[in-house]
Amino acid sequence: MFLIYDTETTGLPLDYNAPLTDFENWPRLVQLAWQIHDEKGKLIEVKNFLVKPVGFEIPYGSEKIHGISTERALNEGEDLEFVLSQFNIALEKIKTISGHNIEFDNSIMGCEYLRTEIDTPLFEKNIVDTKEVSTNFCALPGGRGGKYKWPTLSELHNKLFETGFDEAHNAAADVQATARCFLELIRIGVIGSSELQTEASVVDEFRAINKSSFEAIGLDIDSFKEEKEDDGTAFEDVDHEMEEQLFTHLHVHTQFSVLDGLSDIPKMLDKANADGMKACAITDHGVMFGVKSFHQNCISRDIKPIIGCEFYVARRGLELKENKSDGGGWHLVLLAKNEKGYKNLMFLVSKGWTDGYYYKPRIDKKLLQNHSEGIIALSACLGGEVASKIVNEGEAAGEEAAISYKDIFGEDFYLELQRHPTGDPDMDKEVFDDQVFVNKVLIKLSEKHSIKLVATNDSHFIDKEDAGAHDRLICIGTAKDLDDPNRLRYTRQEWFKTQEEMKQLFADVPEAIENTNEIVDKVEVFELDHKPIMPIFEIPDEFEDADDYLRHCTYEGAKMRYGQISDSTRERLDFELETIKKMGFPDYFLIVWDFLKAAREMGVIVGPGRGSAAGSVVAYSLRITEIDPLEYDLLFERFLNPDRISMPDIDIDFDDDGRELILKWVSDKYGKTRVAHLITFGTMAAKMAIRDVARVQKLPLSEADRLAKMVPDAPGISLKKAFDEVPELKSELESGKPEIQEVLKNAVTLEGSVRNTGTHACGIIISKKDLTNYVPVSTVKDSVLQLATQYDGKYIESIGLLKMDFLGLKTLSIIKETIENIKVSRGIEVDINNVDLNDKETYELYSRGDTSALFQFESDGMQKHLKDLKPSRFEDLIAMNALYRPGPMQYIPDFVERKHGRQEIEYDSPIMEEILKETYGITVYQEQVMLLSRKMAGFTRGQSDSLRKAMGKKKIKEMEKLKAEFVKGCEANGLEAEKALKVWKDWEEFAKYAFNKSHATCYSYVS
């Protein structure tokens, strides 16, 4: 005989592979139903039991599915021992048991037998799982590895009988459907004698008797679900008296909750400002990527910034990474009250990545206990531990969780109320109904344990109208189609609601609104910026300090470079060393000197330098650079301005393989927790936004391509600009097919969203202490360095960290290989650092434009100009390097004509000739403006660099101030104001294109 059975339970196990003795893992039995059929298919026995929930409660989440409440099970149920004994009696009668996904039911029953210490013959029986045996028969696509997926009971029933069945979410109803499917599968030959472990003749007789399809056995089974009266408060109709009460958003996701949040920080805060909000929080998922931008934008709008994060709390502990239950974790919102709390947040976020990452960056309660100072905690959404346990494990479990957080955070722990009513019964069933239930329990817990309530909205986008675009963002992030019924869906209520909208939403719980202000009052405003934090370089004992040691190393190097040090060279060295000392950067130079020395000892090819660092004689003396600044009039203050402290920025080229070696060396010397990559954020550009949205909306690829190709390829093009410039694209937006209009409208909203993270190609951070003291970090895959900062490069200097660029330059690898090949083939040792820069044959090569694959001079356009110019000295190459780029390229013909004497060289004032002579009277370099401002107007070194920067950055107010000083200085030096103003006007135009001579010199040297 055959027994077909099914169970209803208190939920699902955390780990399906856990042993049955792990009683905490396996849910409890709530209902057990079975049917017994004889070998001819005749129904012999039907049983259906509810089980009294002794020692546990049936959670709301389970009751919502099957309708069996704790109260009902207590009133109508049988003792567990009695039910198990009845099942044992039934098992003694049969040889084969069956069910749909019977492995789960067997585990539930097996665990209950172990709990009660009752023996059972259950696992001695032959087992037939209708899910397993019917997989190929149903042939449903979507399984792993291209195989068929397991059919649900309803799918199997529909395949066999071309009709679904009324699912009552009742074990007895499911048994009835499963039994019908089981018998029909025998009848049609899907289940045979081998599966049933019986004689073939028995099956033949079964089929002979049952020639027609099985009908459902007419048992009258009602759902346990009851229509309950709505006893919730109709908050929409409650008149609130909170006009003077402010509301603050404390649960806010920005676009830095990558492919989950859509809110652009400045636009979101503009809305907050317009609505009169005085404070706002940022709580992205598991990261602090957007914190620095958020803080800066809040301060500029006079909004109090509340720095936070929505953490993932590991269910069983940070170190456990064994199964799916350990992945992700419960949500918990943490907010920094003060600077100590901010530092704890950075530490916790970083630990989540470095130690806790498993599907998501996770922390645990042990970490929270040790790093809770200065932190406010909110219980979070339905994904929080308190809410989740209320729904899935019962009110007692939720209460226990709330108490555990109160023990950690004390009066800084708040119970979070959320309401996302949609008006859609199906959607409300998924989220809002649970929120209503949870909120009632939270209000009870608040009163019982004196834990205050706080109202939040799980904000993911700015305006109500952005819901559709956010929906598509989620589809992009989860790689699902918009019409996929099984995709992740939000309620579309997650917009950044106004104060009035939130007050109306919680009109019946005014204290939850008021408590947002209590939290705001607890939060202090503190600075995130910091003075430069230099790593400490260990110096030999015989030297007083880093300044003393740097001076010693510099002068030793200067003797090697210059031989006899002249008074002017000494003056320049002393000026630079004094500036470096004043700015507090001696350790910086020693660190760079040290790792470059190590690089050369390892055989790594090091570039001659790049950028403004080549203007430093100290750097040249230390062999940080290979270009003599004195020979080429390169300026130190272009690198470090003595009048304005800013972090130095030395960029260094290595051969490709050598870069990895030196990164490892630096990491080993300074510590893996103190050296990191810079993070980068990839955003959704115009074309990408169209393609992404088109894909999730299933717009044909040809249409998506057509639309994307309408967007001009110009750098920095936006969809708004594209609509203005391309009438055909604008027409598609305004009057195209509805599906195309939808794609374009949503693409506009999504454009600019953060799509992915990466690491900067060359930016490296070296810290004085562990980086988590200054910046949150995340982890990096497939890199010598293990960490990356969570703030991008534009904020690193302001928080005081040392950044430098380690670049892998293919040209250096080619040079290295060439030198090695020359040695092998010719036996000649080439000293690449001492090549003749006046070699006639080399300049003839440039003059022929024979520069294919030659660094910086290989393009067709550059080759054409070289043929015209016919460079004859190194300075010509420097100038061409600076001029051959958009903007200054227009001056190349004049430069060529003046070099060959075909155009007269003119100077606005004779005093300018000395500085502009090398470029034939044309201002090419930023350094020339700096030198001329000193010579003509008596500007200090610092002032001259401030002028250069103000012009380049178009700082209008600063330029007006410097203009007055320039004219005044020129007049004091006997120059007419009219001529001074003419020069100034020329400089304003030139500043758009001016180039760094130090950089052009270095790269021309490499060439």
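Author: Let's start with Asp 302, which is found in the loop between α12 (291-300) and β7 (304-313). Helices (H or I, at least four residues) and strands (E, at least two) are DSSP runs, numbered from the N terminus. This is a predicted model, in which local features need pLDDT of at least 70 and side-chain atom pairs count only at pLDDT 80 or more, while totals for chains, interfaces and linings use all residues. Residues are numbered from 1 along each chain as its sequence is written, and side-chain values use heavy atoms, leaving out hydrogens and water.

Reader: What is the phi of Asp 302?

Author: Most residues other than glycine have a negative phi. Asp 302 is not a glycine, yet has a positive phi of about 60°. With a relative accessibility of 68%, Asp 302 counts as exposed (exposed is over 50% relative accessible area, buried under 20%, partly exposed in between, with a 1.4 Å probe and protein chains only).

Reader: And where is Ala 479 found?

Author: Look in the loop between α19 (467-478) and α20 (499-505). Ala 479 has a positive phi of about 55°, again without being a glycine. Its relative accessibility is 70%, so Ala 479 counts as exposed.

Reader: Now for helix pairs. At what angle do α15 and α16 pack?

Author: Axes are lines fitted to C-alpha atoms, for helices over the stretch in contact, and angles run from 0 to 180 degrees between N-to-C directions. Helix α15 (residues 385-392) packs on helix α16 (residues 395-409) at about 165°, and their axes are 6 Å apart. The two are therefore roughly antiparallel (over 145 degrees; under 35 is roughly parallel, 65 to 115 roughly perpendicular, and the rest oblique).

Reader: Which residues of α15 and α16 meet?

Author: From α15 come Glu 385, Val 386, Lys 389 and Ile 390, facing Glu 395, Ala 397, Gly 398, Ala 401, Ala 402 and Tyr 405 of α16; contact means heavy atoms within 4.5 Å. By class, that contact has six nonpolar residues, one polar and three charged (nonpolar: Ala, Val, Leu, Ile, Met, Phe, Trp, Tyr, Cys and Pro; charged: Asp, Glu, Lys and Arg; polar: the others, Gly among them).

Reader: How do the axes of α39 and α40 cross?

Author: Helix α39 (residues 926-937) and helix α40 (residues 941-953) have axes that come within 9 Å and cross at roughly 135°. That makes α39 oblique to α40, and the crossing is right-handed. On the α39 side the contact uses Gln 926, Val 929, Met 930, Ser 933 and Arg 934, and on the α40 side Arg 941, Ser 944, Asp 945, Leu 947, Arg 948 and Met 951. The contact of α39 with α40 divides into four nonpolar, three polar and four charged residues.

Reader: Is Val 983 buried or exposed?

Author: Val 983, in helix α42 (residues 977-990), is buried, with a relative accessible area of 2%. Leaving aside residues up to four places away in sequence, Val 983 touches Asp 908, Met 912, Met 936 and Phe 966.

Reader: How many helices and strands does the protein chain have?

Author: There are 43 helices and 18 strands, and 56% of the 1007 residues count as buried. The C-alpha atoms fill a box of roughly 115 × 75 × 70 Å along the principal axes.

Conventions. A crossing is left-handed if the near helix is turned anticlockwise from the far one by less than a right angle, and right-handed if clockwise.
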